[in-house]
Amino acid sequence: MLSKTAPISITKDMGVEEHDNEGRVLCAEFENFYLVNVYTPNSGQGLKRLDYRKTWDEDFLGYVKNLEKNKPVIMCGDFNVAHQAIDLKNDKSNYDKTAGYTQIEIDGMTHIINAGFVDSFRHLHPDEIAYSFWSYRFKSRERNTGWRIDYFLLSTALRDKIKAAAILTDFYGF
């Protein structure tokens with residue numbers, strides 16, 4: 001177990017005014033690690049916010065790497081990207097056309113992983129097809145035409161502590 005205590009502190013931004021105005025980051029500091037919950041900006045219809053998304057990805061990586069100087073980091077939340085082709089049903093028809101599966105967004109996630117973070121689900125299930133998001137249109141959930149855009153990423157120092165990672169598709173949100 002990583003911690004049995006309450007957080008030492010909680011912060012609600014990453015210190016970059018341009019991003020903090022949207023309230024997308026919540027960080028709880030514990031004795032042995034940081035837990036960062038994130039709701040990454042969507043690039044939007046027509047990819048109107050793709051440039052902003054690229055800047056966000058760079059700044060967010062800088063933020064978590066700065067935290068990691070003190071202790072390991074666990075990130076979780078909606079990263080609004082299908083990192084690999086296995087992470088969405090229709091990869092070819094969406095590639096570089098649809099928010100969440102552009103090369104810029106894929107590269108942003110790759111940079112996080114290459115900077116020393118582990119995708120807990122892919123670490124334990126490298127070939128499993130599982131989605132965490134389905135459009136509300138076109139009977140996407142019924143057809144399992146989904147995307148895996150929600151992640152738990154951990155500092156490499158915590159890799160050996162990963163015991164399980166699952167996507168519970170039988171549970172529906174409200």
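This is a predicted model: local features need pLDDT of at least 70, side-chain atom pairs count only at pLDDT 80 or more; totals for chains, interfaces and linings use all residues.
The largest pocket has a volume of about 720 Å³. Its lining comprises 26 residues, and Thr98, Phe133, Ser135, Arg137 and Trp147 are the closest to its centre. Helix H3 (91-94), helix H6 (140-143) and strand S7 (146-147) each give two or more residues to this lining. By class, the lining of the largest pocket holds 14 polar, eight nonpolar and four charged residues.

The second largest pocket has a volume of about 550 Å³. It is lined by 28 residues, of which Asp150, Tyr151, Phe152, Ala166 and Ile167 are the closest to its centre. Strand S4 (73-78), helix H5 (120-124) and strand S8 (150-155) each contribute two or more residues. S8 gives the most, with four. Here the lining divides into 18 nonpolar, six charged and four polar residues.

Nonpolar side chains in soluble globular proteins tend to be buried together. In this model, the largest nonpolar core has 28 residues. Val36, Phe60, Tyr63, Met75 and Phe79 have the most contacts inside it. At least two residues each come from strand S2 (25-29), strand S3 (34-39), helix H2 (50-68), S4, helix H4 (103-114) and S8. H2 supplies the largest share of this core, seven residues.

Phe60 illustrates these contacts. Apart from neighbours within four places in sequence, Phe60 is in contact with Met14, Val25, Val36, Val38, Met75, Phe79 and Ile112. A second core is separate and has eight residues, among them Ala28, Phe30, Val118 and Leu154.

Technical notes: Residues are numbered from 1 along each chain as its sequence is written. Side-chain values use heavy atoms; hydrogens and water are left out. On a 1 Å grid over the protein atoms alone, a cavity is a set of points where a 1.4 Å probe fits but cannot get out, and a pocket is an open set with protein on both sides within 12 Å along at least five of seven lines; lining residues have an atom within 4 Å of a point. Grid points are joined across faces, edges and corners, and a volume is the space filled by probe spheres set on the points. Ala, Val, Leu, Ile, Met, Phe, Trp, Tyr, Cys and Pro count as nonpolar, Asp, Glu, Lys and Arg as charged, and the others, Gly among them, as polar. A nonpolar core is a set of buried Ala, Val, Leu, Ile, Met, Phe, Trp, Tyr and Cys residues joined through side-chain atoms within 4.5 Å. Buried means under 20% relative accessible area, exposed over 50%, partly exposed in between (1.4 Å probe, protein chains only). Contact means heavy atoms within 4.5 Å.
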